[in-house]
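Visitor: I'm new to looking at protein models. Could you walk me through how to read one?

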Amino acid sequence: MRVPLPTFTTCSAPLPLDEMTYISPTSGERIGLSFLTPRSLEDLRRRRVMMSHWAHTSYGMMGRTPDFLNVSIMAMASAGDYFAQNRPEFKQNIVNYYEYVREKDLALTHTLVNLQRNRVPSAASINYSTDVALAVVKETDAGIVVRGPRVLATLGPLSDEIAVYPTRNSTLGIGEDGQRYAFAFAIPCGTPRLRFLCRESFDLNRTHFDHPLGSRFEEMDAIVFFDDVLVPWERVFLYGDIDLCNNLSSATNQYTHSGHQVVTKNVAKCEFVVGLGSLMVKTLGSGSIPQVQSLIAETIENLEIMRSLLQTAEANAALDQWGVMCPAPIPIMIARNLFIRMYPRMAEIVQLLGSSSLMALPSEIDFEGPLGSFLDQYLDTDTTQARDRVRLFHLAWDLACSSFGGRQVLYERYFQGDWMRNASALYNAYGTGPLMQQVQEFLNRP
Ligand SMILES: Cc1cc2nc3c(=O)[nH]c(=O)nc-3n(C[C@H](O)[C@H](O)[C@H](O)COP(=O)(O)OP(=O)(O)OC[C@H]3O[C@@H](n4cnc5c(N)ncnc54)[C@H](O)[C@@H]3O)c2cc1C
């Protein structure tokens, strides 16, 4: 069944309640739709419409609107029996946690990456040093005590809770000591001895005119330090089972559900870049130049590829072993991996389209200053008055050149982990056997 994808051009209109909320199965109150456990294609479509509304509130510039993690927690809770394989009580822990954040509408950050002292690849050792990896240092009747840092907690200072997933590749070379690095848990961000260290803010307290994106959509990233933090047993979801930790994402389909949010966000972001680039071209009067047209065409291709993959993932969705309607994983993986290359290129295209207009940028206050009349006289174009041209190019600069824009590029490159590992995951998941067979049959022809 085909699932139509809407195009959004505005996020200012009031939204129907049913597009953002549903009725809680436990309290009967209205709760956020990002917690919905999808059981049908219609549920998935409904969830994506909600995600799209959230994505359009920042035009894709905030990757970590809470729906990103809400769908992950939903996926894990639905797969409660997976956690029970580790210890029976862990199933109830994850189910209780899901219901808790759902009913309280809490916002989550998460960390799954250990710091590294040495990145030299070796078949015999892990690619991070165990002495800087987050580890369990003690077990008590009350819970586990964890020590060490993790990166990065995007949205950390704005979140209520932090989810700590198993780190990647935790079986490789850790040896018998590996159990103490293998866990999944979640605790309040205000837990004693838990510390967040934020990077410099990209909201520089400038006007929306001068810094249109940085002044609105700073979601912040932080290093997290666990200084012998007690995690109560009821907040532990996995512990000590390396295989269950390593397979958590794929077995629960958490990565695919969060990918549904990621690709929805990618569509919103592509739409914004196509609209921005086209306005830049119109303003500069460069639309008849073939090379300029080809740059805009490239952004349109990216948008339509993202839309198509999202649509394919929904059209080919199926109930998983936990009874949850799950988007098809391969189109989601491909969309995620492609965007790692697409978004930096789109930022580059904005630079190529804008050139010096991205630097010949007076501040809002300069229009009222001694050179204001020069600005009005010389910075207009055939289609646009000076002030409107400058406002537009401040936006292009904030997307492609500013510290906020640089962070957007870095985010899209790395927020979902090492791109090489993601490529390997696709390589291993795809199953090229039938295609090799096809070629083999051709070779075998007389
Ligand atoms: C803005 C931003 C926000 C993020 N938010 C979050 C978050 O909220 N939660 C979270 O858990 N994570 C988050 N991440 C992801 C995470 O922190 C890492 O950036 C990501 O997993 C890559 O790890 P790294 O930065 O240590 O890269 P590195 O491991 O240092 O890799 C850097 C480069 O070197 C290459 N490389 C490294 N080691 C090897 C090797 N042995 N062999 C070959 N090549 C190698 C990699 O392929 C890569 O290209 C975020 C990242 C960014 C940039």
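Predicted model: local features only at pLDDT ≥ 70, side-chain atom pairs only at ≥ 80, totals over all residues.

Visitor: What makes 4% count as buried?

Guide: Buried means under 20% relative accessible area, so Phe237, at 4%, qualifies. Tyr97 is buried too, with a value of 2%.

Visitor: Which parts of the chain does the pair of Tyr97 and Phe237 tie together?

Guide: Tyr97 sits in helix α5 (residues 88–104) and Phe237 in strand β10 (residues 236–239), so the pair links parts that are 140 residues apart in sequence. Another tilted pair is Trp233 with Tyr239, with centres 6.2 Å apart and planes at 50°. Both Trp233 and Tyr239 are buried. Rings can also gather in a cluster, as Phe68, Tyr411 and Phe415 do.

Visitor: What sits over the ring of Tyr343?

Guide: That's the charged end of Lys269, 4.5 Å from the ring's centre.

Visitor: Now strands. Which strands pair with β7?

Guide: Look at β6 and β10. Strand β6 (residues 161–164) pairs with β7 in the antiparallel sense over four bridges, and Val164 stands opposite Phe185 of β7. Strands β7 and β10 also run antiparallel, joined by three bridges; there, Phe183 stands opposite Tyr239.

Visitor: Is β7 largely enclosed or open?

Guide: Enclosed: five of the six residues of β7 (residues 183–188) are buried, so the rest of the structure largely encloses this strand.

Visitor: And the surface? Which residues form a nonpolar patch there?

Guide: Leu410, Tyr414, Trp419 and Met420 do, with about 450 Å² of accessible area together. The elements giving two or more residues to the patch are α13 (403–414) and α14 (419–430).

Visitor: Where is Met420 found, and how exposed is that residue?

Guide: Met420 is in helix α14. Its relative accessible area is 49%, so Met420 counts as partly exposed.

Terms used
Residues numbered from 1 in each chain as written. Heavy atoms only, no water. Buried < 20%, exposed > 50% of the residue type's maximum accessible area, 1.4 Å probe, protein only. Phe/Tyr/Trp six-rings, centres within 6.5 Å; stacked < 30°, edge-to-face > 60°. Lys NZ or Arg CZ within 6 Å of the ring centre and 35° of its normal. Patch = residues over 30% accessible without salt bridge, like charges linked within 9 Å, V, L, I, M, F, W, Y side chains within 5 Å. Areas by Shrake-Rupley, 256 points an atom, 1.4 Å probe, with all protein chains shown as cover. Salt bridge = Lys/Arg side-chain N within 4 Å of Asp/Glu carboxyl O. Pairing = 2+ DSSP bridges.
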